[in-house]
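Q: I have a structure open and want to learn to read its features. Where do we begin?

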Amino acid sequence: MGKVKYYTEEETKQIIAQATAKNGAGSLIFRLGYAIPLLLNTGLRAGELLALRWDEDVDLTKRIIYIRHNMVMVKNRDPDSDKKYVLLDQNSTKTQRGERSLYLNDVAYNA
């Protein structure tokens, strides 16, 4: 197994600063920029983030995100469609161990 690579604290701060940068009008340059600090501070997979349901899975009072669903990109088998792939919302995580609760630290909570 290869050596695990990770971002340093300084690299993480730079990535978050760029992802959440605003233009002259005060709008985010990257529409989904706040997803980056959330991903970096929770370990969420992209499909798990995309599948979050605000009213069911996010508890800001307790500062917890419940991971119960997943989104996956699958090959489109519909011969009448011009899309090669479709996004499929799954009502479960990739594995049973994938269903979990994640505490939001200050960075993730603010994102």
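A: Begin with a definition: a salt bridge is a side-chain nitrogen of Lys or Arg within 4 Å of a carboxyl oxygen of Asp or Glu. Side chains of opposite charge can pair when their charged atoms come close. Keep in mind that this is a predicted model. Here, D57 forms a salt bridge with R68, and their closest N and O atoms are 3.1 Å apart. D57 lies in helix α4 (residues 54–57) and R68 in the loop between β2 and β3 (70–75), so the pair ties together parts that are 11 residues apart in sequence.

Q: How many salt bridges does a search of the whole structure find?
A: The search finds 5. Take R100 and E48 next. This pair forms a salt bridge with closest N and O atoms 2.9 Å apart. R100 is in strand β5 and E48 is in helix α3, so the pair ties together parts that are 52 residues apart in sequence. E48 is buried, at 2% relative accessible area. R100 is partly exposed, at 24%.

Q: What does D106 pair with?
A: D106 forms a salt bridge with R63, with 2.6 Å between the closest N and O atoms. The pair links distant parts of the chain, 43 residues apart: D106 is in helix α5, and R63 is in the loop between β1 (58–59) and β2. D106 counts as exposed, at 52% relative accessibility.

Q: R63 has a positive phi. How should I read that?
A: Start with the general rule. Most residues other than glycine have a negative phi. R63 is not a glycine, yet its phi is positive, about 60°. Now place the residue. β1 and β2 form a hairpin with 4 residues between them, and R63 is in the turn.

Q: Which residue with a positive phi follows α2?
A: That residue is G43, with phi near 80°.

Q: What is the strand order in the open sheet?
A: For a sheet, read the order, then the direction of pairing. This open sheet has 3 strands in the order β1-β2-β5, with antiparallel pairing. β1 and β5 are the edge strands, each pairing on one side only. β1 and β2 pair over 2 bridges. β2 and β5 pair over 4 bridges.

Q: Which residues are the bridge partners?
A: Follow β2. I64 is the bridge partner of D59. I64 also stands opposite Y103 in β5. I65 has L102 in β5 as its bridge partner.

Q: Which way do the side chains of β2 point?
A: In a regular strand the side chains alternate between the two faces of the sheet. In β2, I64 and Y66 point one way, while I65 and I67 point the other way. All four residues are buried.

Q: Now a helix. Which residues of α2 are buried?
A: In a helix, check where the buried residues sit around the axis. In α2 (residues 35–42), the buried residues are P37, L38 and T42. They cover an arc of only 110° around the axis, which puts them on the same side of α2.

Q: What covers the buried residues of α2?
A: The cover includes α1 (9–19), α3 (46–50), β2 (64–67), β5 (100–103) and α5 (106–110).

Q: Which residues form a nonpolar patch on the surface?
A: L50, M73, Y85 and L87 form it. Together they have about 460 Å² of accessible area. Y85 belongs to strand β4 (residues 85–90).

Q: Last, a loop. What is A21 in contact with, leaving aside its neighbours within four places in sequence?
A: A21 is in contact with S27, L28 and I29. A21 lies in the loop between α1 and α2. For distances, read sequence and space side by side. A21 and Y34 are 13 residues apart in sequence and 9.6 Å apart in space, C-alpha to C-alpha.

How values were computed. Residues are numbered from 1 along each chain as its sequence is written. This is a predicted model: local features need pLDDT of at least 70, side-chain atom pairs count only at pLDDT 80 or more; totals for chains, interfaces and linings use all residues. Side-chain values use heavy atoms; hydrogens and water are left out. Buried means under 20% relative accessible area, exposed over 50%, partly exposed in between (1.4 Å probe, protein chains only). The arc is that of the directions from the helix axis to the C-beta atoms. Contact means heavy atoms within 4.5 Å. Two strands pair if DSSP finds at least two bridges between them. Patches are made of residues with over 30% relative accessible area and no salt bridge: like charges are joined within 9 Å, nonpolar side chains (Val, Leu, Ile, Met, Phe, Trp, Tyr) within 5 Å. Accessible areas come from the Shrake-Rupley method with a 1.4 Å probe; for residues, only the protein chains shown count as cover.
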